[in-house]
Amino acid sequence: MERPLPVSSTIHLVGKFVLLFCGLHVASILVAPRLFATHYRPLSPSEQRDWHGRVVGSLFATGIVFVALPEYLWPGDALAADEAFGTSDRASLACAIAAAFFVWDVFFCTAACQGWPFVLHASAGLFIYWHALQPFQQRAACFFLCWEASTPLLNLRSQLIACRLTHTRTFSCANVGFAAAFLIIRWGFGMPGSVFWWSDSIALLRAGDPRLRPHVVFVTMAANLALNSLNVWWGSKVLAGVARLARGRGESGASGGEAPGSPSLDEERALELLRPTDAVEPEDGGQRNSHSRFFVYICLHEDWHTILDHRTPFWIIFETSTAALNERLKGGPRPLR
């Protein structure tokens, strides 16, 4: 049976990762002006601070998913036997990394004047994952850490906006990727999983286990409720954008201003984001892309539209993407910018 880490070992482990995140922050400050000089140097001081924070946040989010997800799906024997107070080495490692990140985040948000909501978010994360090391609900902690999978695309999108690169293909991919990842992870898995976690936590409070610290459960419940409320609000904004895209398609199609099978006005704007401005047309593009043309023709065939076009968010994303690909293949492959 795996035993929880002593307090001294926990502090030592968390301290090591705090130094790691501070080192990543310093590395970003040193590397960004040299590696991204064209886009980084014109940023204001506050935008540069935000840039470095997002770099560290993206590295944390990417790494923590690879640590937490396997432990949530295949927990150790002790953790599987007792999800409330059991522990495992990998789960303890994930919680230690998360606690260390939020230590760094508290200081960063305070020093960079990010605002009290960000400081409060970081403080709540530090409280929750520090107490998870006691141990307490480490498998649930690993589940909630997997929500960070949508964060790198959000940070990339924000950095591209700050650098005035919203006209690029990278921004288009980050935009669509973040919308899909957010809805799948936060709505599709996060909110149903939160419902089950609330049920387990209420049952745990009623059981009256002497090892339980009720204030930890109450703070975690409050944080979970607040975060899910934000997820509902953010997700509604994402869906509103998709709905505007759908309305634009419907209105442009009803106006009769488009030829049958042509992309809508919104799709044309999306194509402009994806299309290089300095592309050169190769002479043999048609022969080299015969198989790709055939595949896209199948995807865009009218019968598929009749069967599948229900104006669902993910279908609209797929339809816009395939229309963009079809438009690009008309002139053969084009060099990446």
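This note goes through the cysteines, the salt bridges and a nonpolar surface patch of the structure above.

1. Basis of the note. The model is predicted, so local features are reported only at pLDDT of at least 70 and side-chain atom pairs only at pLDDT 80 or more, while totals for chains, interfaces and linings use all residues. Residues are numbered from 1 along each chain as its sequence is written, and side-chain values use heavy atoms, with hydrogens and water left out.

2. Cysteines. The structure holds 0 disulfides, a disulfide being a pair of cysteine sulfur atoms within 2.5 Å. The cysteine sulfur closest to that of cysteine 95 belongs to cysteine 142 and lies 5.5 Å away, which is too far for a bond. Cysteine 95 is buried, with a relative accessible area of 0%, and cysteine 142 is likewise buried at 0%; here buried means under 20% relative accessible area, exposed means over 50%, and partly exposed is in between (1.4 Å probe, protein chains only).

3. Salt bridge between arginine 164 and glutamate 47. The whole structure contains 6 salt bridges, each defined as a side-chain nitrogen of Lys or Arg within 4 Å of a carboxyl oxygen of Asp or Glu. One of them joins arginine 164 to glutamate 47 at 3.5 Å, N to O. This pair links distant parts of the chain, 117 residues apart, with arginine 164 in the loop between helix H8 (151-162) and helix H9 (169-207) and glutamate 47 in helix H3 (residues 45-73). Helices are DSSP runs (H or I, at least four residues), numbered from the N terminus. Arginine 164 is exposed at 54% relative accessible area, whereas glutamate 47 is partly exposed at 25%.

4. Salt bridge between arginine 90 and glutamate 71. These side chains meet at 3.7 Å, N to O. Because arginine 90 lies in helix H5 (residues 89-111) and glutamate 71 in helix H3, the pair ties together parts that are 19 residues apart in sequence. Arginine 90 is partly exposed at 39%, but glutamate 71 is buried at 5%.

5. A salt-bridge network. Arginine 211 and aspartate 209 form a salt bridge whose closest N and O atoms are 3.1 Å apart, and aspartate 209 is partly exposed at 23%. Through shared partners, salt bridges join Asp82, Asp209 and Arg211 into one network.

6. Nonpolar patch. Val26, Leu30, Val31, Leu35 and Phe36 make a nonpolar surface patch of about 460 Å². Nonpolar patches are made of residues with over 30% relative accessible area and no salt bridge, their side chains (Val, Leu, Ile, Met, Phe, Trp, Tyr) joined within 5 Å, while like charges are joined within 9 Å. Leucine 30 belongs to helix H1 (residues 7-35).

Terms used:
Areas by Shrake-Rupley, 256 points an atom, 1.4 Å probe, with all protein chains shown as cover. Helix = DSSP H or I, 4+ residues; strand = E, 2+ residues; numbered from the N terminus.
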